[in-house]
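Welcome to this short tour.

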Amino acid sequence: QAIARGVFARRAFKDNIESRKAAAISIQKIYRGFVAYEDYVMIVASAIYCQAIIRQYLAKKDYKVRRMHWCTANKNATILQKSWRSYKAQADYYFTMWSVISIQSLIRGHLVKRQYQQMQLDVLNESEQLMNA
């Protein structure tokens, strides 16, 4: 009986050791997987952070270039607008002056014709008066 108990105890102990080994291996496997996952997450987070910094740098650089081009384009547009407005104002002024001079010329011509006609009437009246006298 003692021998049987010893055999059963050794088998139980041996099974107990094997199940403990299996449990330890399972725990180690889970722990190593967890550590590997944490390392993976840290690597991914670091990569994302690096990408964010690089993209931020590139975006700022691109913004500076675009702003410089925009300012240059804005200055060029302002110069064009200024030139066009100056030309337009000058053209309007010259057109107005031409119109005023044309109107003055027509009015003066009309007045001179009227004066000339009046002078002819006066000369005719005088000649009639001289003939009648």
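How many salt bridges does a search of the whole structure find? The search turns up two, and we will visit both. Keep in mind along the way that this is a predicted model.

**Stop 1: the whole chain**

Start with everything displayed as a cartoon. The secondary structure comes to one helix and zero strands. The helix, α1, covers residues 2-132. Now turn the model around: along its principal axes, the C-alpha atoms fill a box of roughly 190 × 25 × 5 Å. The radius of gyration is 56 Å, whereas a compact globule of 133 residues would have one near 14 Å.

**Stop 2: the surface**

Buried residues make up 1% of the 133 residues.

**Stop 3: the first pair**

Select R66 and D62 and show their side chains. These two residues form a salt bridge, and their closest N and O atoms are 2.8 Å apart. Why is there about one helical turn between them? Because R66 and D62 are four residues apart in helix α1. Check how open each one is: R66 is exposed, at 57% relative accessible area, while D62 is partly exposed, at 36%.

In general, side chains of opposite charge can pair when their charged atoms come close.

**Stop 4: the second pair**

Move along to D92 and K88. Their side chains meet in a salt bridge with an N to O distance of 3.6 Å. D92 and K88 also sit in helix α1, four residues apart, so about one helical turn separates them. Are these two buried or partly exposed? D92 has 39% relative accessibility and counts as partly exposed; K88, at 40%, is partly exposed too.

**Stop 5: all the charges**

Next, colour the charged side chains. You will have 21 positive and 9 negative ones to look at. The centres of the two sets lie 23 Å apart.

**Stop 6: two cysteines**

Finish by selecting C50 and C71. C50 is partly exposed, with 43% relative accessibility, and C71 is partly exposed as well, with 28%. A disulfide is a covalent bond between the sulfur atoms of two cysteines. How many disulfides does a search of the whole structure find? The count is zero.

Conventions:
Residues are numbered from 1 along each chain as its sequence is written. This is a predicted model: local features need pLDDT of at least 70, side-chain atom pairs count only at pLDDT 80 or more; totals for chains, interfaces and linings use all residues. Side-chain values use heavy atoms; hydrogens and water are left out. A disulfide is a pair of cysteine sulfur atoms within 2.5 Å. Buried means under 20% relative accessible area, exposed over 50%, partly exposed in between (1.4 Å probe, protein chains only). A salt bridge is a side-chain nitrogen of Lys or Arg within 4 Å of a carboxyl oxygen of Asp or Glu. Helices (H or I, at least four residues) and strands (E, at least two) are DSSP runs, numbered from the N terminus. The radius of gyration is taken over C-alpha atoms; the globule rule is 2.2 Å times the number of residues to the power 0.38. Lys and Arg count as positive and Asp and Glu as negative; His and the chain ends are not counted. The place of a charge is taken as NZ of Lys, CZ of Arg, CG of Asp or CD of Glu.
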